[in-house]
Amino acid sequence: MVNPVGAPQRAEVRLAELVAALSLGVDLGFGQPMEHVLRQCVIALRLAERVGLDEQSRSVVYYAALLVNVGCHADAHEQAKWFGDDIALKAGKYDHEMHGVRAAAAAIRLVGAGNPPLHRLRVGLEFALFGHREVDGMLEQHAALARVFARQLGLSDAVQDAIGAAYEQWDGRGWPGRRKGDGIPIASRLAQLAEFVEVAHRVGGVQAATVLARKRGGSQFDPALSAILCEDAAAILSGLESARTWEAVIAAEPALRVTLSGEGFDAALVAVADFVDLKSPYTLGHARAVADLAAEAGAQLGLGPSDTCLLRRAGLVHDLGRLGVSNSIWDKRGPLGAGEWERVRMHPYLTDRMLHQSPSLAPLGAIAMQHRERLDGSGYPRGLSGAAISEPARILGAADAYQSMREPRPHRPALSADEAAAELRTDARAGRLDANVVEAVLAAAGHRVVRRREGPAGLTAREVDVLRLLARGLSSKEIATRLVISPKTARNHIEHIYAKIGASSRVTASLFAMQQGLLRAEEHVGP
């Protein structure tokens, strides 16, 4: 397996790549197949071209279409609390007119879903008495949060305005209901029409899409835009099933491309991490904390600045796949069933699938996908073991485990720092986590660490291990294999050793090792 730490890194990422990757998680959160949002973006751009919008206006349409529903998972906790499965609830958005009797009836039927009859009755009564207040204004809140997110990404006021009006309707009966007709930004009107038409077309073909556009034109949709779509529906909707949608959407970004590098890239990833963590009250601030902890531990273990930066960024995105799992599972107070566990086990894989198409984001996804794997093969999603798990993933996994224990969960209170440290060390003794990584994570968290033996000249325990193998003539690649680290990390350790002991070659390093008594036959190095 190729270690992602050794992979060359692009200095910048296009904002379109980051937003498009996030949209794949939004798809899953709405119970839609991946690239639903990307396809609706293509439809919106094709309509914008027919309307005659200029490049700058099409840029607003582009980002409005990609971000229209990005805030809809923020109150998934409340959605699951009252309706059972937040993803099933949102998936029903496309089945009925949003203000229709059928839509209201469908939502009422879901109240208390997933609970025994008596408990469901109690939930229904609570919802009727006061719970409905929690869901009133949800769509308005979603639009407001999406607008905040767009601002954090540095998008223009026009994009923010379009996203803020994404749920308004032509007849004025939308959310928050302050705009109607031509008073709604055209980017909002295009994004909303494209969203619903994409689902109708995917399910029922061109005919279903045109029926929907005609039926809702003048009420939910701009009638002029609906007419344009119906007049040339076959062309506007052509190729959506077979096209390489990711490449098409990234290539279609209008006007000047927005690129992020350095601090701008990091700030955008933090914004994404915070929005994903809003999905559950039990994970608020989780990604930030894990990223910082992992980066500090990586530095202590000898990772260079670029690899530490990569690890921190992987920490920020490591839980993006949580968007594809219902809060009826994440926020469940009791034990999970077998089927629920299978869905949980998929979320690191979903993270990787969201990120793998972007050259800049794929290395982050490769690390994140392994953060729940364990050295003894007991982890998920692939049951990898030993050297198959990269060192960055082992660091990220230990940091995530520690931080998760320090946070409350629906089935338990937060563990104390000492309790979490004890649990982490138990996992290391059992062979599930790398003992050196665990001690580095605990040191980063402020614990007094257990050190096997402090080496001479300030060598760390890991550097002593590397020195013993180096003295025995092993190459950096062979040392990496023995210690289950990357060759680049092994080379970093060797450079640090040379600097600390004043050596310039394996021979002088070997002499130092002999003089310090570091080559006793009984010493065992490796996993």
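Author: Gladly! Let us begin with a contact list. Setting aside neighbours within four places in sequence, His36 is in contact with Asp27, Tyr94, Glu195, Glu198, Val199 and Arg202. Keep in mind that this is a predicted model.

Reader: Where does His36 lie, and is His36 buried or exposed?

Author: His36 lies in helix H2, which spans residues 36–51. As for burial, the cut-off is under 20% relative accessible area. His36 has 2%, so it counts as buried.

Reader: And what does the opposite case look like?

Author: For exposed residues the cut-off is over 50%. Leu118, in helix H7 (residues 117–135), has a relative accessibility of 71% and is therefore exposed. Leu118 also belongs to a nonpolar surface patch with Leu121 and Leu125, and together they have about 350 Å² of accessible area.

Reader: How should I think about nonpolar residues in the interior?

Author: In soluble globular proteins, nonpolar side chains tend to be buried together. Here, the largest nonpolar core holds 115 residues, and Tyr62, Phe149, Leu424 and Val441 have the most contacts inside it. Helix H10 (residues 186–216) supplies the largest share of this core, with 12 residues. Apart from this core lies another one, of 21 residues, including Ile494, Ile497, Tyr498 and Ala503.

Reader: Which residues does Leu424 touch, not counting those up to four places away in sequence?

Author: Leu424 touches Ala398, Ala401, Tyr402, Met405, Leu433, Val438, Val441 and Leu442. One of these, Val441, is also named with Leu424 among the residues with the most contacts inside the largest core.

Definitions and conventions
Residues numbered from 1 in each chain as written. Predicted model: local features only at pLDDT ≥ 70, side-chain atom pairs only at ≥ 80, totals over all residues. Heavy atoms only, no water. Helix = DSSP H or I, 4+ residues; strand = E, 2+ residues; numbered from the N terminus. Buried < 20%, exposed > 50% of the residue type's maximum accessible area, 1.4 Å probe, protein only. Contact = heavy atoms within 4.5 Å. Patch = residues over 30% accessible without salt bridge, like charges linked within 9 Å, V, L, I, M, F, W, Y side chains within 5 Å. Areas by Shrake-Rupley, 256 points an atom, 1.4 Å probe, with all protein chains shown as cover. Salt bridge = Lys/Arg side-chain N within 4 Å of Asp/Glu carboxyl O. Core = buried A, V, L, I, M, F, W, Y, C linked by side-chain atoms within 4.5 Å.
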